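Subject: Structure for you to look at

Hello,

Here is the structure I promised. Please open it alongside this email; my notes follow below.

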Amino acid sequence: MRGVVGPLGQRDGIDAVRVRLPAGDWATLRDHLVERYARVIGVARVDAMLAEGAFVGADGRSVTGGEPYAAGRSLWFHREFPPEARVPFEVGVVHRDERIVVADKPHFLATTPRGRHVTETALARLRRDLGLPHLQPAHRLDRLTAGLVLFVVRPEDRGAYQTLFRDRRVRKEYEALAPYAPGPATPVTVRSHIVKERGVLTAYEVPGAEPNSESRIERVERRGDLARYRLVPETGRTHQLRVHMSALGVPILDDPLYPVVREDGPEDHGRPLRLLARVLEFTDPFGGSPVRFESRLRLAWPG
């Protein structure tokens, strides 16, 4: 479905959904749409959307439920977004040119729409605020982690920047606040086999398995019982830095998952995960010159 330009513009920075009608023996469009969506939104809501003209064809004209079903045809519609509480922090822009936007994503804001976070995402906000409807991320940053995310302005350039991340040609440097511990001595390189199962909140390490993750961890400052650490991941497993810090006995401050899953409840914006994606370095795939971007955000010491 890539490369197909739909007839509906974005709503709140979110693209319309494209529905390609599969082969089947439905008599009418309504028959198919009810079977496809009734379990999610109910038959009454499907009928209401048809009555409202919410489904449109490639020409932008609304379709009716009584139209004959035609396999291979495409329809578009806008999802109904659930109410989302606004994340009370702004997205900073560290760099912007004709190809890329390097943004400072705040804690608690998802990078891209997923699950219950749709309009309250860095992507949606930047598309709206910068007037860049085709903006897409070249990589992702965990919702609870703050710091640098690289977005690509033009669809035709995205693959080149994504390839940099896929091939590990981007140097990432993170900063974390965590308890001070005299051992192990740093810098230390941690390697382990990390598994993150779909639908499970936490990742875990498999003792003895071939390592699939590597992080270099260095303590750079101490303040009493706490310390600031520089973290350089060589791989990009989900929750990798959080898992490795916890395994070293110095879990990142205010981590709701490691080493113990915090009881679910309202998020406390005054207690963010003290983890910051601070530096991105790479050779630009178009200009061929080395570039370095540094976050303008700072981690706040507790107290």
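His-239 is buried, because its relative accessibility is 11% and the cut-off for buried is under 20%. His-239 sits in the loop between β12 and α5. Its phi is positive, near 65°, and His-239 is not a glycine. For background, most residues other than glycine have a negative phi, and most peptide bonds are trans. Bear in mind throughout that this is a predicted model.

Asp-254 is another case. Its phi is about 60°, again positive in a residue that is not a glycine. Asp-254 lies in the loop between α5 and β13. At 17% relative accessibility, Asp-254 is buried.

Two peptide bonds are cis. One runs from Thr-186 to Pro-187, with omega near 5°. Pro-187 belongs to the loop between β7 and β8 (188-192). The other runs from Tyr-258 to Pro-259, also with omega near 5°. Pro-259 is in the loop between α5 (240-247) and β13 (275-283).

Now the overall picture. The chain has 5 helices and 14 strands. Its C-alpha trace spans about 75 × 45 × 40 Å along the principal axes. Of its 303 residues, 43% count as buried. Take the contacts between residues at least 6 apart in sequence: 62% of them join residues at least 24 apart.

Next, the helix pair α1 and α2. Two packed helices are described by the angle between their axes and the distance between the axes. Here the axes of α1 (residues 29-41) and α2 (residues 43-52) come within 7 Å and cross at roughly 130°. The crossing is right-handed. From α1, the residues in the contact are Arg-30, Leu-33, Val-34, Tyr-37, Ala-38 and Ile-41. From α2, they are Val-43, Arg-45, Val-46, Asp-47, Met-49 and Leu-50. By type, the contact residues divide into 9 nonpolar, 3 charged and no polar.

Helix α3 has its own set of buried residues: Ala-122, Leu-123, Ala-124, Arg-125, Leu-126 and Arg-127. Their cover includes the strands β3 (92-96), β4 (100-105), β5 (136-137) and β6 (146-152).

What does the side chain of Arg-127 meet in a salt bridge? The partner is Asp-15, at 3.6 Å, N to O. This pair links distant parts of the chain, 112 residues apart: Arg-127 in helix α3 (residues 122-130) and Asp-15 in the segment before β1 (17-20). Arg-127 is buried at 6% relative accessible area, whereas Asp-15 is partly exposed at 38%.

The whole structure holds 31 salt bridges. Glu-173 takes part in two that I would point out. One joins Glu-173 to Arg-171, at 3.0 Å, N to O. The other joins Glu-173 to Arg-230, with the closest N and O atoms 3.4 Å apart. Glu-173 is in strand β7 (residues 171-179) and Arg-230 in strand β12 (residues 226-233), so this second pair ties together parts 57 residues apart in sequence. Glu-173 is buried, at 5% relative accessibility. Both arginines are partly exposed: Arg-171 at 34% and Arg-230 at 28%.

Arg-228 is also in strand β12. At 24% relative accessibility, Arg-228 is partly exposed. Beyond its neighbours within four places in sequence, Arg-228 is in contact with Glu-175, Ala-176, Leu-177, Glu-218, Arg-219, Val-220, Glu-221 and Trp-301. How far apart in space are Arg-228 and Glu-80? They are 43 Å apart, C-alpha to C-alpha, and 148 residues apart in sequence.

Last, Asn-212. It is in the loop between β10 (204-205) and β11 (213-223). Is Asn-212 buried or exposed? Asn-212 is buried, with a relative accessible area of 14%. Not counting residues up to four places away in sequence, Asn-212 touches Ser-192, His-193, Ile-194, Thr-235 and Arg-237.

Best wishes

Notes: Residues are numbered from 1 along each chain as its sequence is written. This is a predicted model: local features need pLDDT of at least 70, side-chain atom pairs count only at pLDDT 80 or more; totals for chains, interfaces and linings use all residues. Side-chain values use heavy atoms; hydrogens and water are left out. Axes are lines fitted to C-alpha atoms, for helices over the stretch in contact, and angles run from 0 to 180 degrees between N-to-C directions. Helices (H or I, at least four residues) and strands (E, at least two) are DSSP runs, numbered from the N terminus. A crossing is left-handed if the near helix is turned anticlockwise from the far one by less than a right angle, and right-handed if clockwise. Contact means heavy atoms within 4.5 Å. Ala, Val, Leu, Ile, Met, Phe, Trp, Tyr, Cys and Pro count as nonpolar, Asp, Glu, Lys and Arg as charged, and the others, Gly among them, as polar. A salt bridge is a side-chain nitrogen of Lys or Arg within 4 Å of a carboxyl oxygen of Asp or Glu. Buried means under 20% relative accessible area, exposed over 50%, partly exposed in between (1.4 Å probe, protein chains only).
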